[in-house]
Amino acid sequence: MPENPIASSAGALRGGILIEAAELRIVSLPLLTPFVISTGTMTCKTFPLLVLKGEGLQGVAEAVMDPTPDYLEETVPGAIAFLRDVLLPSIVGKRFASPYELEPYLVPWRGHRMAKAVVEMAFWDMWSKSLGIPLKTALGGVREHVDVGVSLGIATIEKTLDRIEEALADGYKRTKLKIAQGHDVRIVEAVRNRHPEIKLTVDANTDYGLADLPVLRALDEFNLDYIEQPLAFDDIHDHAQVQAALKTAICLDESIRSASDTRKALEARAARVINIKVGRVGGFAAARAIHDISAAFGAPVWCGGMLEAGIGRAHNIHLATLANFTKPGDTSSASRYFERDIINEPLEAKNGEMPVPENGPGIGVTLDREFLETVTDHVEEFGT
Ligand code: OSB
Ligand code: MG
């Protein structure tokens, strides 16, 4: 690494990195196992992939919205239209000296945080490459590897117990069970009876309401590390009532879209743990602000996932190197999800630790272009 990477960066010397072109794809990767959560079943991971190009550099990111608005409001078709018609034309052909300079082009638009995130994250990759440093370093991360656990979709008790045996044999540091109405207390009880000591959490993906307090109180008896997003995606207020009624920490996922949401949730005592997904909150600037605000409130954070392929997983791993990511994240081995990934580097955890990818600066992984072509449904070019 040069002594002063910023001063030596060609982009910085000319007043910023010129985004000369962009390539926007829709990629579909079959999942090895259907992933069942309270809002639906996913058998295939379909996502926008963005490549920003300029100054001989490429910055890459995945967007995390689903084809339909079941996790949050954004959708793949909506994001493609917004990126094509609005965001990408506004930044291609311009210079940006840092990711923060993108803000004026992103802030005016309401919502669409997942679509904004893919642009911002791709530029963070490009910028850290221009500086010759890992994304982790650009973000201020402090870890060589990140602790990870598994997120297990809804399945029978037998199947779930088998999957837990496998995950524990692989050394994963936390087990998260997806729950839903009618698939909650019995399965948690069975798992707890078999494994009295493991770090166990549940994720309801918004399936409950205040009327379900008796079920949540029953779950409160199983020494869970936290109960993730029991109530509605847009409801911080009622989560505070649930948190007050439980010993177990509430963790918010869907409800946290911004630093401001985080401040309000923690002030209201609606949660004691925050799940940060950089792709959900609009990018790294927001993810870091959420991380810092949570730290100020003494609330630990962890890095969630959206079944990302290799590019999105690499971004998540770099983010999770920040100091307040003290709980195991969801970025388990890519081979648990896909037969083949879209990157050249295997992202595999060992003993529950995922190494930070370091094949070059930036996100430290590279696209497998040949395979990518075979799993691309659609591609558009900008600025060429
Ligand atoms: O709530 O964290 C969630 C996957 C899709 C939609 C929502 C969620 C999830 C996961 C998967 O839990 C985590 C992962 O393994 O990437
Ligand atoms: Mg969740």
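The legends below describe close-up views of a predicted model.

**View 1. An open sheet of four strands.** In this predicted model, four strands are arranged in the order β4-β3-β2-β15 and form an open sheet whose pairing is antiparallel. Strands β4 (57-62) and β15 (376-382) are the edge strands, each of which pairs on one side only. From one strand to the next, the twist averages 20 degrees.

**View 2. Strands β3 and β4, with helix α5 across them.** Strand β3 (residues 40-54) is joined to β4 by six bridges, and the two strands run antiparallel. Within this part of the sheet, Lys53 stands opposite Gln58, which belongs to β4. Helix α5 (residues 113-131) lies across both β3 and β4, and the helix runs at about 145 degrees to β4.

**View 3. The site of the magnesium ion (ligand 2).** The magnesium ion (ligand 2) is coordinated by Asp203 (OD), Glu228 (OE) and Asp253 (OD), at 2.1 to 2.3 Å. Along the sequence, the donor residues of this ion follow the spacing D-x24-E-x24-D. Distant parts of the chain are linked by the pair Asp203, in strand β9 (residues 200-203), and Glu228, in strand β10 (residues 227-228), which are 25 residues apart.

**View 4. The surroundings of Asp203 and Glu228.** Asp203 counts as buried because its relative accessibility is 0%, and buried means under 20% relative accessible area. Glu228, which also coordinates the magnesium ion (ligand 2), is buried, with a relative accessible area of 0%.

Note on methods: Residues numbered from 1 in each chain as written. Chains lettered and ligands numbered in written order. Predicted model: local features only at pLDDT ≥ 70, side-chain atom pairs only at ≥ 80, totals over all residues. Heavy atoms only, no water. Pairing = 2+ DSSP bridges. Axes fitted to C-alpha atoms, helices over the stretch in contact; angles between N-to-C directions. Contact = heavy atoms within 4.5 Å. Donors = N, O, S within 2.8 Å, 3.2 Å for Na, K, Ca; no water. Buried < 20%, exposed > 50% of the residue type's maximum accessible area, 1.4 Å probe, protein only.
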